[in-house]
Amino acid sequence: MNILELTDNRGNIMYNVAIMGATGAVGQVMLELLAERGFPIGELRLLASARSAGKEVEFEGETHTIGELREDSFANIDLVLASAGGSISRKFAPCAIDAGAVVVDNTSAFRMDPSVPLVVPEINPQDLATHAGIIANPNCSTIIMDVVVWPLYRRSRVERIVVSTYQAISGAGARAMEELESQTREVLDGKGARPREMPHQTAFNLFSHNTQIGAEGYCEEEMKMVCETRKMFHDDDIRITPTCVRVPVMRAHSEAVNLEFEEVVDESEAREILAAAPGVEIVDDVEANHFPMPIEASGKDAVLVGRIRNDISRADGRGIDLFISGDQLRKGAALNAIQIAEELVERDLLKAPVATAGS
Ligand code: A2P
């Protein structure tokens, strides 16, 4: 029996890919991006709950049937893109690894495990080299902030970040997005709001992020921004104080960020650094009062940054203020996961798939 690499007709290696949570808000954007970016897919296996099993989905002109996620779903799979929730990842990622796959996990299940790399390819791609089967995709608000902060941090260490978020509803999943749309209609029709997916009215309202508040008075989402940034920057001493808020926006998060540097960093220098930063686009038209907006960040790969200015509250020139908008489903989730997969291929860190041919 010969062992062969799976290749396309140009000799490129193809990988068998499974999506865990293929019917979800992030799963659907993963599919969109796999096609858009031409990821080298051999077999595509779409997995979700029993509720969705049997549903059909089009991908690059072919019809795929959603399968029920089970422990034995991963035979011959090389890469799993997981976005079905933390408890599902905790249960099924080990099965995928046992079957020989590498898992890029979009949930919080393994992010703070010291043996699991937590990666934004623009920040710490070198951490991929230590993976042992799982790579964690960071929290969406963290990715969107850090892809902008990192290039500035490289110029001068950031000592402290004060950040307030304006978070889209997409972070709470496809059903929450549907709720925002239907609730907006209901309120306009005078019917009043009946929240089901979210704890409070989302239409025409905003509220403190819907994760549990911990002992220090910070919610889980806020602590993710603190701990995950420290892990990716390899800086346990960076001080970060976030306030996370949900706003009635469909799919892009915005953030007001104040940075305190070790050294003097001038506004014009910050602008130059950000103009050259990968994954970042400056939108900062002072005359037209046109700055990053979630509606313009939606559907874009780049994180938009503007309102770049010296912090007037300090005289030492070590403060910069920014306003950021980034697509929560793209860079905040699906795009970052697929960029990780692309880096794994590029760095030869994804096991080459095999096909067996009769002798
Ligand atoms: P399903 O659509 O069948 O419920 P979102 O974050 O947008 O809510 O999406 C969550 C994703 O995770 C969906 O694809 C959902 O599938 C999937 N999912 C939720 N619970 C399970 C489960 N118990 N087993 C497998 N997939 C699940």
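Begin at the boundary between domain 1 and domain 2, which buries about 550 Å², with carbon and sulfur atoms giving 54% of that area; buried area here is the accessible area (1.4 Å probe) that two parts lose on being put together, summed over both. In domain 1, select Ala25, Leu335 and Asn336, the residues that lose the most area to domain 2, together 49% of what that side buries.

The model is predicted: local features need pLDDT of at least 70 and side-chain atom pairs count only at pLDDT 80 or more, whereas totals for chains, interfaces and linings use all residues. Residues are numbered from 1 along each chain as its sequence is written, and side-chain values use heavy atoms, with hydrogens and water left out.

**The two domains**

Colour domain 1 (3–109 + 334–356) and domain 2 (141–327) separately; these bounds come from an automatic or database domain assignment. Their C-alpha centres lie 29 Å apart. Nine residues from domain 1 and nine residues from domain 2 make the contact, defined as heavy atoms within 4.5 Å.

**Across the interface**

Next, display Asp301 and Arg37, which form a salt bridge with their closest N and O atoms 3.8 Å apart. The rule, a side-chain nitrogen of Lys or Arg within 4 Å of a carboxyl oxygen of Asp or Glu, finds one salt bridge across the interface of domain 1 and domain 2. Zero residue pairs in polar contact (both at pLDDT 80 or more) are found across that interface; a polar contact is a pair of N or O atoms within 3.5 Å, where within protein one must be able to donate a hydrogen and the other to accept it, and residues adjacent in sequence count only if both atoms are side-chain atoms.

On the side of domain 1 that touches domain 2, highlight helix 1 (25–36) and helix 8 (330–346), the elements that give two or more residues. Helix 1 supplies the largest share, four residues. Helices (H or I, at least four residues) and strands (E, at least two) are DSSP runs, numbered from the N terminus.

Move to the open sheet of six strands, ordered 6-3-2-7-8-9 with parallel pairing. Strand 6 (67–68) and strand 9 (134–136) stand at the edges, each with a single partner strand, so one side of each has no neighbour in the sheet. Strand 8 (residues 102–105) pairs with strand 9 in the parallel sense over three bridges; pairing requires that DSSP finds at least two bridges between two strands. Asp105 stands opposite Ala136 in strand 9.

**Arg251**

Finally, centre on Arg251, in the loop between strand 13 (245–246) and strand 14 (252–261). A polar contact of 2.8 Å joins the side chains of Arg251 and Asp327. Not counting residues up to four places away in sequence, Arg251 touches residues including Val29, Met177, Ser298 and Arg330.
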